[in-house]
Amino acid sequence: MAELTVDRTYGTALFEAAGDLGIKDEILEETVGLMELFEKEPDLATFMKYPSIPAREKKEVIKNIFEGRIDDVFLNFLYVLVDKGRTTHLQGILKMYIKLIDEEAGFTNGIVYSVVPLGEDKIKELEEETSKLLRKNVKLTNELDTDLIGGVKILAEGKLIDLSYRKRLEDLGNQIHLV
C-alpha cells in the first residue's frame with residue numbers, strides 16, 4: 001500500500017510540475033521512452049532499484065545516459081528520486097504519470113489477460129467493446145495468464161469481464177444442472 005502512495009505522490013508531483021510548465025506531452029514522451037528503455041535494458045532498471053548503490057553513482061549514470069537527451073525538468077526529477085531514495089519506485093511513478101495523463105484525456109486503463117500475447121488489432125477490438133460496455137474510453141494492456149485455458153479476462157474500472165473458456169464451461173455446467 002505504501003508503494004502506491006509513493007507512486008501517486010511523486011507521479012502527481014511530476015504531472016503538476018509538467019502542467020505548470022506546459023510540457024506534459026514532452027514529459028509523457030520521455031516517460032514512455034524510459035519505460036521502454038527499462039524493458040530493453042533490464043540491468044539498468046535493476047541498477048536503479050538497487051538500494052545499496054550510492055546516490056552519487058546513480059546520479060552519475062543518469063547524467064551520462066540522459067543529460068542533453070531529456071528535458072532538464074525530467075532529469076532533475078530523476079535526481080530528486082535518487083536523493084530521496086525513491087528509485088525503487090521509479091517504474092511505478094512513471095506508470096502513475098501515464099495514468100494521470102490518460103485520466104485527464106478521459107481514458108481509463110485496464111488489463112486484458114490472455115494465454116498468448118494478443119495482436120494490436122485484437123486489443124483495439126477489445127478496447128472498443130469494453131469502452132461501450134463501461135461507457136468510458138478504455139486503454140488495455142495485455143498480460144499473460146497461464147492459468148487460462150483460452151479466451152480472455154478483462155479488468156477495468158474495478159470490474160472483471162470474464163470471457164474465458166473456463167467461465168463459459170462453468171456457465172454451461174450450471175445451465176445443465178438447472179435442467
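Select Glu125: at 42% relative accessibility, this residue counts as partly exposed. Partly exposed is the middle class: buried means under 20% relative accessible area, and exposed means over 50% (1.4 Å probe, protein chains only).

Before moving on, note that this is a predicted model, where local features need pLDDT of at least 70, side-chain atom pairs count only at pLDDT 80 or more, and totals for chains, interfaces and linings use all residues. Residues are numbered from 1 along each chain as its sequence is written, and side-chain values use heavy atoms, with hydrogens and water left out.

**Stop 1: a pair within helix H7**

A salt bridge here is a side-chain nitrogen of Lys or Arg within 4 Å of a carboxyl oxygen of Asp or Glu. Both residues lie in helix H7, three residues apart, about one turn of the helix. Lys122 is partly exposed too, at 36% relative accessibility. Helices (H or I, at least four residues) and strands (E, at least two) are DSSP runs, numbered from the N terminus.

**Stop 2: further along H7**

Helix H7 covers residues 120-134. Select Thr130, which is in H7. Is Thr130 buried or exposed? Thr130 counts as buried, at 2% relative accessibility. Now show what Thr130 touches: Val138, Leu140, Ile154, Ala156 and Ile161, not counting residues up to four places away in sequence. Contact means heavy atoms within 4.5 Å.

Ser131 is buried, with a relative accessible area of 16%. Leaving out residues up to four places away in sequence, Ser131 touches Lys136, Asn137 and Val138.

**Stop 3**

Select Arg135, in the loop between H7 and S2. Arg135 is exposed, with a relative accessible area of 76%. Check its backbone: phi is positive, about 55°, although Arg135 is not a glycine. Most residues other than glycine have a negative phi.

Go to Glu157, in the loop between S3 and S4. Phi of Glu157 is near 55°, again a positive value in a residue other than glycine. Glu157 is partly exposed, with a relative accessible area of 35%.

Which residue forms a salt bridge with Glu157? Lys136 does, with the closest N and O atoms 3.0 Å apart. Lys136 lies in the loop between H7 and S2, and Glu157 in the loop between strand S3 (151-156) and strand S4 (159-164), so the pair ties together parts that are 21 residues apart in sequence. Lys136 is partly exposed, at 41% relative accessible area.

**Stop 4**

The structure holds eight salt bridges. For another one, select Asp102 and Lys139. Their side chains meet at 3.0 Å, N to O. Asp102 is in helix H6 and Lys139 in strand S2 (residues 137-144), so the pair links distant parts of the chain, 37 residues apart. Asp102 counts as buried, at 7% relative accessibility. Lys139 counts as partly exposed, at 33%.

**Stop 5: a charge without a partner**

Select Glu30, in helix H2 (residues 24-40). Glu30 is buried yet has no salt bridge. How far away is the nearest side chain of opposite charge? That side chain is Arg69, 11 Å away. Lys and Arg count as positive and Asp and Glu as negative; His and the chain ends are not counted. Leaving aside neighbours within four places in sequence, Glu30 is in contact with Ile70, Asp71 and Phe74.

**Stop 6: one side of helix H3**

Select helix H3 (residues 42-49) and pick out its buried residues: Leu44, Ala45 and Met48. They cover an arc of only 100° around the axis, which puts them on the same side of H3. The arc is that of the directions from the helix axis to the C-beta atoms. What do these buried residues pack against? They pack against H2, helix H4 (55-66), helix H5 (72-83) and helix H6 (90-104).

**Last stop: helix H8**

Select Leu172, in helix H8 (residues 165-178). Leu172 is partly exposed, with a relative accessible area of 44%.
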